Amino acid sequence: MRLTQASDYALRIVLHLSRKKGEVVEADAISDAEKIPKRFLLKICRDLIKAGIIESSRGKNGGYRLANNPENITMKDVILAVEGTMALTRCQIDPAACNKNATGYCAIHRAFCSVMDVVSKEFEKYDFATLAKMDGN
């Protein structure tokens, strides 16, 4: 499994907002602090808003803040908001994508599903309150 750059940036955006404890933070400030291109940041923020992870406010003092407490947001939540799913192979997402039509009995498919269950549970363990405490910034 390889996360996209969007997931990496989304995790950094949410961690940044977690450290700000409910403050509204301007897109430019997040972009500068996290070294994320602003256009990409704005696109990712739309996905995070749609998922209910962050909220935006417009106007002179506009920006972004968490929509929930950091302890209620996990790494898995953020990854799913940006990626839509977590899988090693396409047949985990859509069994019809298996050109062998074997997802019901394929040992490799079952092994991949087992691995992804472990990975998913690990991402669920890390909430952003915990990550903010671990962070060196």
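**Figure 1. Asp 8, a partly exposed residue of the predicted model.** Asp 8 is partly exposed, because its relative accessible area is 33%, which falls between the cut-offs of 20% for buried and 50% for exposed. The residue belongs to helix α1. This structure is a predicted model. Between the C-alpha atoms of Asp 8 and Gly 22 the distance is 21 Å. In sequence, 14 residues separate the two.

Figure 2. Is Ser 7 buried or exposed? With a relative accessible area of 0%, Ser 7 is buried. Setting aside residues up to four places away in sequence, Ser 7 touches Ile 79, Val 82 and Glu 83.

Figure 3. Thr 4 lies in the segment before α1. Its relative accessibility is 36%, so Thr 4 counts as partly exposed. Thr 4 and Ile 79 stand 75 residues apart in sequence. In space, their C-alpha atoms are 9.3 Å apart.

**Figure 4. The crossing of α1 and α3.** Two packed helices are described by the angle between their axes and the distance between the axes. Helix α1 spans residues 5-19, and helix α3 spans residues 38-50. Their axes come within 10 Å. The crossing angle is roughly 75 degrees. The two helices are therefore roughly perpendicular to each other, because angles of 65 to 115 degrees fall in that class. From α1, the contact draws on Gln 5, Ala 6, Tyr 9, Ala 10, Ile 13 and Val 14. From α3, Phe 40, Leu 41, Ile 44, Cys 45 and Leu 48 take part. By class, ten of the contact residues are nonpolar and one is polar. No charged residue is part of this contact.

**Figure 5. The largest nonpolar core.** In soluble globular proteins, nonpolar side chains tend to be buried together. Here the largest nonpolar core has 31 residues. Which residues have the most contacts inside this core? They are Ile 13, Leu 48, Val 78 and Phe 128. Several elements give two or more residues to the core: α1, α2 (27-34), α3, β2 (63-66), α4 (75-83), α6 (107-125) and α7 (128-134). Helix α1 provides the largest share, eight residues.

**Figure 6. Leu 48 and its surroundings.** Leu 48 is among the residues with the most contacts inside the largest nonpolar core. Neighbours within four places in sequence are left aside here. Leu 48 is then in contact with Ala 10, Ile 13 and Val 14, among others. The list also includes Ile 53, Ile 54, Val 78, Ala 81 and Val 82.

**Figure 7. Helix α4 and what covers it.** The buried residues of α4 are Met 75, Lys 76, Val 78, Ile 79, Ala 81 and Val 82. Which elements are included in their cover? Among them are α1, α3, α6 and α7. Just after the helix comes Gly 84, with a positive phi of about 90 degrees.

**Figure 8. Two lysines with positive phi.** Lys 21 is not a glycine, yet its phi is positive, at about 50 degrees. Where is Lys 21 found? Its place is the loop between α1 and α2. Lys 21 counts as exposed, because its relative accessibility is 74%. Lys 35 also has a positive phi, near 60 degrees. This lysine lies in the loop between α2 and α3. Lys 35 is exposed, with a relative accessible area of 64%.

Figure 9. How many disulfides does the model contain? The count comes to zero. Cys 45 is buried, at 0% relative accessibility. Cys 113 is partly exposed, with a relative accessible area of 27%.

**Figure 10. The whole chain, for orientation.** The secondary structure comes to seven helices and two strands. From the N terminus on, the order is α-α-α-β-β-α-α-α-α. Along the principal axes, the C-alpha atoms fill a box of roughly 55 × 30 × 25 Å. The protein has 137 residues, and 36% of them are buried. Consider contacts between residues at least 6 apart in sequence. Of these, 64% join residues at least 24 apart.

Terms used:
Residues are numbered from 1 along each chain as its sequence is written. This is a predicted model: local features need pLDDT of at least 70, side-chain atom pairs count only at pLDDT 80 or more; totals for chains, interfaces and linings use all residues. Side-chain values use heavy atoms; hydrogens and water are left out. A disulfide is a pair of cysteine sulfur atoms within 2.5 Å. Buried means under 20% relative accessible area, exposed over 50%, partly exposed in between (1.4 Å probe, protein chains only). Axes are lines fitted to C-alpha atoms, for helices over the stretch in contact, and angles run from 0 to 180 degrees between N-to-C directions. Helices (H or I, at least four residues) and strands (E, at least two) are DSSP runs, numbered from the N terminus. Angles under 35 degrees count as roughly parallel, over 145 as roughly antiparallel, 65 to 115 as roughly perpendicular and the rest as oblique. Contact means heavy atoms within 4.5 Å. Ala, Val, Leu, Ile, Met, Phe, Trp, Tyr, Cys and Pro count as nonpolar, Asp, Glu, Lys and Arg as charged, and the others, Gly among them, as polar. A nonpolar core is a set of buried Ala, Val, Leu, Ile, Met, Phe, Trp, Tyr and Cys residues joined through side-chain atoms within 4.5 Å.
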